[in-house]
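Look over the model below.

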Amino acid sequence: MPGIVGIVSQDSNDHASLLREMLESINHFDYKIDSTTKGNVYLGNVNLGYISNGVSYSADKRFLISFTGEIFSYKTIETNQIGDDSEFFLNQFINDGFDC
């Protein structure tokens, strides 16, 4: 089943293998695994793989999102105008916060 896992650590140990183990423990059907690390933050997701989302950073690298899904329309914006769904959602969230 698709899912999201993450580790935020205050120590300087490398937790990449623990993240991988966590991801593999929820990957019951050999789905696609995406993950990324920035400093002491480890984030990953298990997804169906037919949508090219996953883990994405904002342009300034301040924000990180794990997104699995599709946006079919948003307000007056149609799917063909969105491009990358995770990037679109992250930018909307950065600009509008929880009101997006």
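Phe29 is exposed, with a relative accessible area of 57%. This is a predicted model. Tyr31 is partly exposed, at 24% relative accessible area.

A search of the whole structure turns up three aromatic pairs. In one of them, the ring centres of Phe29 and Tyr31 are 5.9 Å apart and the planes stand at 45°, so the pair is tilted. Tyr74 and Phe88 form an edge-to-face pair, 5.5 Å centre to centre with 75° between the planes. Tyr74 belongs to strand β6 and Phe88 to helix α2, so this pair ties together parts 14 residues apart in sequence. Both Tyr74 and Phe88 are buried.

Next, the backbone. Most residues other than glycine have a negative phi. Asp30 is not a glycine, yet its phi is positive, about 60°. Lys75, also a residue other than glycine, has a positive phi near 50°.

Now helix α2. It covers residues 85-96, twelve residues in total. From first C-alpha to last, α2 reaches 16 Å, close to the 16 Å expected at 1.5 Å a residue. Which residues of α2 are buried? They are Asp85, Ser86, Phe88, Leu90 and Gln92. Phe88 is thus listed here and is also the α2 partner of Tyr74 in β6. Gly97 follows α2, with a positive phi near 65°.

Terms used:
Residues are numbered from 1 along each chain as its sequence is written. This is a predicted model: local features need pLDDT of at least 70, side-chain atom pairs count only at pLDDT 80 or more; totals for chains, interfaces and linings use all residues. Side-chain values use heavy atoms; hydrogens and water are left out. Helices (H or I, at least four residues) and strands (E, at least two) are DSSP runs, numbered from the N terminus. The expected span of a helix is 1.5 Å times one less than its number of residues. Buried means under 20% relative accessible area, exposed over 50%, partly exposed in between (1.4 Å probe, protein chains only). Rings of Phe, Tyr and Trp (its six-membered ring) pair if their centres lie within 6.5 Å; planes under 30 degrees apart count as stacked, over 60 as edge-to-face and the rest as tilted.
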